[in-house]
Amino acid sequence: MIPGSFDYHSPKTIDEAIKLLDDLGEDAKVLAGGHSLIPMMKWRLAEPAHLVDISRLSDLSYIKENENYLCIGAMTTETALETNQLISEKYTILKDTSEVIADPLVRNLATLGGNIAHGDPANDHPATMLALNAIVVVCGPNESKREINIDDFFLGPLWTALQENEILTEIKIPKPQNDTGGCYLKLERKVGDYAIAAVAVNLEFDNGQCKSAGVALTNVGPTPVRAKSAQNSLIGTDVTDEAIFQACELAAEASQPIGDHRGSEDYKRGVIKTLTGRAIRKAKSRAMGGN
Ligand code: FAD
């Protein structure tokens, strides 16, 4: 349970951090909240020779809206998301998600950027970001900057589109239009555990009809899973009981769970079906002004 030895770097600016990553190459790893990386190092599943600590880059910690997007800095902690007024009022699905991650001690340090950059299909934010159609902003050497659609970001277990000399700096979430509501529901064995399975739903309504839908699943595949058929089945409907029933079936079909200590394949499909129905109902109620 003791990590291998490493050199510790504490850059003062994003540019300095990127230069370090570029110079040190594949031997270096970004350290944010450390709540995924340090356990992996203790188990010797990761043995970076250099850690580039970005936790002192305070300009990467913010939650703000501009004309079109909610912008969240990568170093924003789960606690900051959980307690932010704008998030509570307008982006309830993000509050739902942060609240069910680990325990308060972890949430005080764990960052949104780290949760996404880690690329763990068991992490909770990736499915929520799929449901919200988020954009991942990444900075690299020579002041390069690229925006990656969330659908192109998760490539496999612990594998993302990030290059080793890049830093995830911001998550952009399109501002809700019309009547929009979202919900994240997770079943866990005990408080603080990773999901047996979880479902993120975001619905936009226009004159009572579902105009767009995002449905995504946690810990039932090698990456977070976008349940495309389930989403499509809701669009154009009034999200009636019949439409919800069909979306639940389609979400369960889209999941690719494996049996393990958290439950059998069939059990997890059943969990997805049940949670999808509950999350759709809650998202619809929130879109219509309920809580
Ligand atoms: P770190 O651990 O510092 O980094 C994780 C990885 O991302 C590393 O590879 C690092 O190099 C990379 N990275 C981090 N930030 C950046 C960046 N800005 N740019 C580029 N690369 C970056 N998570 C859940 O979602 N749900 C849970 O229920 C849950 N339960 C947990 C329970 C425990 C007891 C613990 C210890 C952790 C749990 N986690 C859970 C994980 C936790 O939320 C992690 O902290 C989070 O996944 C990673 O965020 P971090 O800031 O700690 O990242």
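1. Met 1 counts as exposed because its relative accessibility is 69%, and the cut-off for that class is over 50%. The model is a predicted one. Met 1 sits in the segment before strand 1 (7–9). Together with Trp 43 and Leu 45, Met 1 makes a nonpolar surface patch of about 420 Å².

2. Asp 53 has its side chain in a salt bridge with that of Arg 56, at 3.5 Å from N to O. Are the two partners buried or exposed? Asp 53 is buried, because its relative accessible area is 6% and the limit for that class is under 20%. Arg 56, at 56%, is exposed.

3. Strand 10 (residues 167–174) is mostly covered, with 7 of its 8 residues buried. Strand 5 (residues 69–73) pairs with strand 10 in the antiparallel sense over 5 bridges. Strand 6 (residues 135–140) also pairs with strand 10, antiparallel and over 5 bridges. Ile 171 of strand 10 stands opposite Ile 72 and is the bridge partner of Val 136.

4. Another open sheet consists of 4 strands in the order 11-12-13-14, with antiparallel pairing. Strand 11 (179–188) and strand 14 (225–226) are its edge strands, each pairing on one side only. Strand 11 pairs with strand 12 (residues 195–206) over 10 bridges, in the antiparallel sense. One of the bridge pairs is Glu 188 with Ala 195, the latter in strand 12.

5. Which helices lie against this sheet? Helix 5 (residues 92–99) packs on the sheet and touches strand 11 and strand 12. The direction of helix 5 makes about 15 degrees with that of strand 11. Helix 11 (residues 265–287) lies across strand 11, strand 12 and strand 13 (209–218), and runs at about 30 degrees to strand 12.

6. Strand 12 and strand 13 run antiparallel and are joined by 9 bridges. Phe 205 has Cys 210 of strand 13 as its bridge partner. The two strands form a hairpin with 2 residues between them, and Asn 207 in the turn has a positive phi of about 50 degrees. Strand 13 is mostly covered: 7 of its 10 residues are buried.

7. Strand 13 also pairs with strand 14, antiparallel, over 2 bridges. Leu 217 stands opposite Val 225 of strand 14. The hairpin of strand 13 and strand 14 has 6 residues between the strands, and Asn 219 takes a positive phi near 65 degrees there.

8. How many salt bridges does a search of the whole structure find? The search finds 19 salt bridges. Side chains of opposite charge can pair when their charged atoms come close. Glu 204 forms a salt bridge with Lys 211, with the closest N and O atoms 3.8 Å apart. Glu 204 is buried, with a relative accessible area of 13%, whereas Lys 211 counts as partly exposed at 47%.

9. Salt bridges that share partners join Asp 124, Lys 186 and Glu 188 into one network. Lys 186 counts as buried because its relative accessibility is 15%, under the 20% limit. Glu 188 is partly exposed, with a relative accessible area of 22%. Glu 188 is also the residue whose bridge partner in strand 12 is Ala 195.

Technical notes. Residues numbered from 1 in each chain as written. Predicted model: local features only at pLDDT ≥ 70, side-chain atom pairs only at ≥ 80, totals over all residues. Heavy atoms only, no water. Pairing = 2+ DSSP bridges. Contact = heavy atoms within 4.5 Å. Axes fitted to C-alpha atoms, helices over the stretch in contact; angles between N-to-C directions. Patch = residues over 30% accessible without salt bridge, like charges linked within 9 Å, V, L, I, M, F, W, Y side chains within 5 Å. Areas by Shrake-Rupley, 256 points an atom, 1.4 Å probe, with all protein chains shown as cover. Salt bridge = Lys/Arg side-chain N within 4 Å of Asp/Glu carboxyl O. Buried < 20%, exposed > 50% of the residue type's maximum accessible area, 1.4 Å probe, protein only.
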